[in-house]
Amino acid sequence: MNIEVVTTIPELFDQFKEYGIVGRAIKTGKINFDVINLRNYAHDLHKTTDDYAYGTGIGMVMKVEPVFEMFDEYLKSHQRPWIVYPSPQGETFDQSKAFELSQKDDVMFICGRYEGVDERIMSIVDEEISIGDFVISGGETITMVFVEAMARMIPGVVGKEVSVENDSFFSGLLDHANYTRPQSYRDMDVPEVLRSGDHAKIGKYLLKDAIKRTIEKRPDLFLKRDLSIEEKAAIIALLREKKEC
């Protein structure tokens, strides 16, 4: 898929596109990633992309002309992308949204800064997406979150598909607890069942643990879930264990 990021600070993405999941996706050709410097479309001496807001004069707002000029030039050689504006006014980002975006051929992120963007820019935006009810100075770091979450959903980007399927939120449950060596550390032991080699028992244990952690930490996720037969059996086992304690 193609991903474009429109920003006034392209240098922020230099390391991001070289390392980790996103870097691997770019190197293997799973993602074509382009960072567009919005200042290239500002024509004054200082490459200004912001101005005072009408009416209040308080705070700076991103100018409309550079964005539209960038977009017009892009359309000369590309199909129209799906345009996302990271904004606290949008729908909250989650795993299903990451999957939805990963299925598109071309997604362009317009990173706002200052007090936001001239409202006329919203006429070309397809959706606003938020990562929470708070405000930061720009959309660049939020866009990095979106892009990495999307990249994980593209087949072949993550080494093993099961790694993605077991991620928190992919199945609607939080991830189970994970352990590595040493087996025992400061009187804290890795659960015996995980060392048993019995894959059927291990699978049941991990499902129980994921359900337990979801109920304890994110009951809102659990309440929205349609339980499978295996999950219902895991809950029965949890209740029996609690009764025996």
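Against which strands do the buried residues of helix H2 pack? Before I answer, a word on the basis of this talk. This is a predicted model, in which local features need pLDDT of at least 70, side-chain atom pairs count only at pLDDT 80 or more, and totals for chains, interfaces and linings use all residues. Residues are numbered from 1 along each chain as its sequence is written, and side-chain values use heavy atoms, with hydrogens and water left out.

Helices (H or I, at least four residues) and strands (E, at least two) are DSSP runs, numbered from the N terminus. The buried residues of H2 pack against strands E1 (2-7), E2 (32-37), E4 (60-62), E5 and E6 (106-110), where contact means heavy atoms within 4.5 Å. Those buried residues are Val 64, Pro 66, Val 67, Met 70, Phe 71 and Tyr 74; buried means under 20% relative accessible area, exposed over 50%, and partly exposed in between, with a 1.4 Å probe and protein chains only.

His 43 is exposed, with a relative accessible area of 62%. Its side chain makes a polar contact with the side chain of Glu 69, at 2.7 Å. A polar contact is a pair of N or O atoms within 3.5 Å; within protein, one must be able to donate a hydrogen and the other to accept it, and residues adjacent in sequence count only if both atoms are side-chain atoms.

By contrast, Lys 97, in helix H3 (residues 95-102), is buried, with a relative accessible area of 4%. Leaving aside residues up to four places away in sequence, Lys 97 touches Glu 91, Glu 127 and Ile 129.

Among the buried residues of H6 are Ile 202, Lys 208 and Asp 209. The buried residues of this helix pack against helix H7 (219-223) and helix H8 (229-244). At the start of H6, a side-chain oxygen of Asp 198 comes to within 3.2 Å of the backbone nitrogen of Ala 200.
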